Amino acid sequence: MSDEIEISRCETSKEKIHHHRGKSSESLLNKELILKALNIQAGHTILDAGCGNGYMAKVFSSKVTQSGKVYAMDPDAGAIEALRIETQGTNIEAIEGDITKPIPLNQSSVDLIYVSAVIHGFSKKQTQDFLGEAKRLLKPNATLAIVEIEKKETPFGPPLKIRFSPEELKDIVPLAPLNTITVGEHFYMQIFSNKKQQR
Ligand SMILES: C[S@@+](CC[C@H](N)C(=O)[O-])C[C@H]1O[C@@H](n2cnc3c(N)ncnc32)[C@H](O)[C@@H]1O
């Protein structure tokens, strides 16, 4: 089954947690472009929120080195168990859980929250709850990076009406918008900073 079909299966009806079994944006996104834009340092703490199979958590893991930590969170018990087994003894901690509920990490403890191909499936309330948690967890000046499929006709993907444009994200995210970067043929990454907004 192609990744295009797989990723479109991550679509959800609003309010429902979309369950993920091995679906991944991996072949659709350019990891180098993502990493270049994120300025990850050794020692950083990263949350891969809605990590799926955790392929980006593994990329982040080598960037933060053993002095850093990567939390990979997803409600899919099977995906998390597989990731937990695979990453035993590394700096990755796989957590089964819902990022729209209180996340079991301390406030102001995270340097980067990365959320890829996840929030278009959330209801308004779930999105707000996740963004509230993100703001709570981020250190001052830390980064929230949201990867989403473009809001225009594409050969695959969720219905247009549930997609976000970068401008729509900027309207709802309570953080300062930095860059919008193309990270795949149909994907962008919108970066926000947890600093006072100049608007
Ligand atoms: C399209 S997949 C993307 C997975 C991964 N981020 C990637 O880019 O390959 C969507 C993921 O969001 C997860 N997800 C859905 N609802 C969630 C929630 N409430 N909290 C955390 N993750 C959620 C799904 O389980 C699934 O793994």
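1. A crossover is right-handed if, with the strands pointing away from the viewer, the path from the first strand over the helix to the second runs clockwise. In this predicted model, β4, α5 and β5 form a β-α-β unit of that hand. Helices and strands are DSSP runs, numbered from the N terminus (helices H or I, at least four residues; strands E, at least two).

2. Because the model is predicted, local features need pLDDT of at least 70 and side-chain atom pairs count only at pLDDT 80 or more, while totals for chains, interfaces and linings use all residues. Residues are numbered from 1 along each chain as its sequence is written.

3. The chain holds 6 helices and 7 strands, in the order α-α-β-α-β-α-β-β-α-β-α-β-β from the N terminus. Of its 199 residues, 43% are buried; a residue is buried if 20 or more other C-beta atoms lie within 10 Å of its own, exposed if 12 or fewer, and partly exposed in between, with C-beta atoms placed from the backbone. Among contacts between residues at least 6 apart in sequence, 65% join residues at least 24 apart; two residues are in contact if their C-beta atoms, placed from the backbone, lie within 7 Å.

4. The 7 strands form an open sheet with mixed pairing, in the order β3-β2-β1-β4-β5-β7-β6. β3 (92-96) and β6 (176-184) stand at the edges with a single partner strand each, so one side of each lacks a neighbour in the sheet. On average, neighbouring strands are turned by 15° against each other, direction ignored. Axes are lines fitted to C-alpha atoms, for helices over the stretch in contact, and angles run from 0 to 180 degrees between N-to-C directions.

5. Two strands pair if DSSP finds at least two bridges between them. β4 pairs in the parallel sense with β1 over 3 bridges and with β5 over 6 bridges. Leucine 47 has isoleucine 113 of β4 as its bridge partner, and leucine 112 stands opposite threonine 143 in β5. β4 is mostly covered, with 7 of its 7 residues buried. Elsewhere, β2 (residues 69-74) and β3 run parallel, joined by 5 bridges; alanine 72 has alanine 94 in β3 as its bridge partner.

6. Helix α5 (residues 124-137) has 14 residues and reaches 20 Å from its first C-alpha to its last, close to the 20 Å expected at 1.5 Å a residue; the expected span is 1.5 Å times one less than the number of residues. Its buried residues are Gln126, Thr127, Phe130, Leu131, Glu133, Ala134 and Leu137. They fall within an arc of 160° seen down the axis of α5, so they line one face of the helix; the arc is that of the directions from the helix axis to the C-beta atoms. Lys124 and Lys125, on the other side of α5, are exposed. The cover over the buried residues of α5 includes β1 (45-49), β4 (110-116), β5 (138-149) and α6 (166-172).

7. Two further helices lie across strands. α2 lies across β4, β5, β6 and β7 (187-193), at about 160° to β6. Helix α3 (residues 55-64) lies across β1, β2, β3 and β4, at about 170° to β2.

8. Backbone angles at two asparagines deserve a remark. Asparagine 39 has phi near 50°, a positive value in a residue other than glycine; asparagine 39 lies in the loop between α2 (31-38) and β1, and is exposed because it has 12 C-beta neighbours inside 10 Å. Asparagine 141 has phi near 70°, likewise positive in a residue other than glycine. Asparagine 141 is placed in strand β5 and is exposed, with 11 other C-beta atoms within 10 Å.
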